[in-house]
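Me: Hi! I'm about to open a structure that is new to me, and I'd like to talk it through with you. Could you keep the answers plain?

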Amino acid sequence: MGPVSAKGDLRRVARARRSGLAAQLDREAAAEAIATTVLRIVPAGARTAAYLSLPGEPPTDRLVDALLEAGHEVIVPITLADFSLEWTYAVHGAVADPARVARGTVPEGTDVLGAEALATCGLVVVPGLTVDTRGARLGQGGGCYDRALAHRRPGTPVVALLHEGEESEELLPLEAHDQLVDGFVTTTGRLVWLRGEPPG
């Protein structure tokens, strides 16, 4: 079985597990725990790239607001039709629009910063279904973040958000284009650093 086929099977298992974990989640507590932990590792004054969580994902609304309240500039992605990512400025109270993500359109009047905006960030927060001990991340399969992360500055830390219990004890299939993450934060606020030392 090749890496692509193996990843498909792993995604099906991970999505089923996530559905069960999300149904039991205290969303407000999880949102606060994620925000508190990520704020501890953001370099002082750094622009941060985050994402607006979809239903079932570890919640990021409180994280984005907390970063803005702490004086950090935050950029969030817009997924285009070809599964590339554009970036725009986050605003207080922003929530993900599943329809917009599915359409891959840029709303009129949106400030688009370009893919290169990731190179201006001191921390990048990404989604994922699971992460292994090497930092290999299993995403949803579009390759958005693997392509986007190629634009970050070398050495810029990347952190995935997971539900508690989603980390992989087994090594995930790894392809040449896959970008590793440096650590992950769970919905209980637990930080696991996999590569080097955490910032902050």
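Predicted model: local features only at pLDDT ≥ 70, side-chain atom pairs only at ≥ 80, totals over all residues.

Me: Thanks! Is Leu162 buried or exposed?
Reply: Leu162 is buried, because its relative accessible area is 0%. Buried means under 20% relative accessible area, exposed over 50%, and partly exposed in between (1.4 Å probe, protein chains only).

Me: And which residues is Leu162 in contact with?
Reply: Leaving aside neighbours within four places in sequence, the contacts of Leu162 include Arg18, Pro58, Leu129, Val131, Phe184 and Val185. Contact here means heavy atoms within 4.5 Å.

Me: OK, zooming out. How many helices and strands are there in the chain?
Reply: The chain has 5 helices and 9 strands. Along the sequence they follow the pattern α-α-β-α-β-β-α-β-β-β-α-β-β-β. The radius of gyration is 16 Å, close to the 16 Å that the globule rule gives for 200 residues, so the chain is as compact as a globular protein of that length. That radius is taken over C-alpha atoms, and the rule is 2.2 Å times the number of residues to the power 0.38.

Me: What share of the residues counts as buried?
Reply: Of the 200 residues, 48% count as buried. As for contacts between residues at least 6 apart in sequence, 75% join residues at least 24 apart.

Me: Now helix H3. Which of its residues are buried?
Reply: In H3, which runs over residues 61-69, the buried ones are Leu63, Val64, Asp65, Ala66, Leu67 and Leu68. Their cover includes helix H2 (27-41), strand E1 (48-49), E2, strand E4 (123-126) and E7.

Me: Pick one of those. What does Ala66 touch?
Reply: Not counting residues up to four places away in sequence, Ala66 touches Ala35 and Leu39. Ala66 and Leu39 are 27 residues apart along the chain, and their C-alpha atoms are separated by 7.7 Å. Ala66 is buried, because its relative accessible area is 5%.

Me: What follows H3?
Reply: H3 is followed by Gly71, whose phi is positive, near 95 degrees.

Me: Which residue has a positive phi although it is not a glycine?
Reply: Phe83 does, with a phi of about 65 degrees. Most residues other than glycine have a negative phi. Phe83 is found in the loop between strand E2 (74-79) and strand E3 (85-89). Phe83 counts as partly exposed, because its relative accessible area is 45%.

Me: Last topic: which side chains does Asp178 join by polar contacts?
Reply: The side chain of Asp178 has a polar contact of 2.8 Å with that of Lys7 and one of 3.3 Å with that of His177. A polar contact is a pair of N or O atoms within 3.5 Å; within protein, one must be able to donate a hydrogen and the other to accept it, and residues adjacent in sequence count only if both atoms are side-chain atoms. Asp178 lies in the loop between strand E7 (158-162) and strand E8 (183-186). Asp178 is buried, with a relative accessible area of 13%.

Technical notes
Residues numbered from 1 in each chain as written. Heavy atoms only, no water. Helix = DSSP H or I, 4+ residues; strand = E, 2+ residues; numbered from the N terminus.
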